[in-house]
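Please keep the structure open beside you as you read.

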Amino acid sequence: GKAALFITAQRIFMTFKGAFEDGAKRTELQVLESFRRPPLLVIDEIGQRTESDWENRTFFELLNARYNDMTDTILTCNLNGTDLTANLGPSLVDRMKEGGGMIECNWPSFRA
């Protein structure tokens, strides 16, 4: 009976970048707060990030805020544990493991 939000990592960054446009209706902080609100946030395709410094800092801020709020977050990707740590950085992976864990699914693609 609680709300959840399912969104791709790319769409999150597009939403944040919208706050930079002239006449934007929301600030970066307001966008961050909108992604902090749902009791469950599912972020799909995190491995598709460009891993720019801005993306890394923005993603860290979002995930760290949710970690501090103790709200549930699920990340999906096609990366193994080593590649995920390289993509997100060890501090974010540690935060994700502390409150939950990592499930590696090694089965053939259903899309093939």
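Phe16 and Phe35 are both buried, where buried means under 20% relative accessible area, exposed means over 50%, and partly exposed lies in between (1.4 Å probe, protein chains only). This is a predicted model, in which local features need pLDDT of at least 70, side-chain atom pairs count only at pLDDT 80 or more, and totals for chains, interfaces and linings use all residues. Residues are numbered from 1 along each chain as its sequence is written, and side-chain values use heavy atoms, with hydrogens and water left out.

**Ring pairs**
- Four aromatic pairs are present; rings of Phe, Tyr and Trp (its six-membered ring) pair if their centres lie within 6.5 Å, and planes under 30 degrees apart count as stacked, over 60 as edge-to-face and the rest as tilted.
- Phe16 and Phe35 form a tilted pair, because their planes stand at 40°, with ring centres 6.0 Å apart.
- This pair joins distant parts of the chain, 19 residues apart: Phe16 belongs to helix H1 (residues 9-18) and Phe35 to helix H2 (residues 28-36). Helices here are DSSP runs (H or I, at least four residues), numbered from the N terminus.
- Phe20 and Trp54 pair edge-to-face, because their planes are at 65°, and their ring centres are 6.1 Å apart.
- That pair also links distant parts of the chain, with Phe20 in the loop between H1 and H2 and Trp54 in helix H3 (residues 53-69), 34 residues apart.

- Phe20 is partly exposed, at 48% relative accessible area, while Trp54 is buried, at 19%.
- Phe13, Phe20, Trp54 and Phe59 are linked into a cluster by ring pairs.

Terms used: Helix = DSSP H or I, 4+ residues; strand = E, 2+ residues; numbered from the N terminus.
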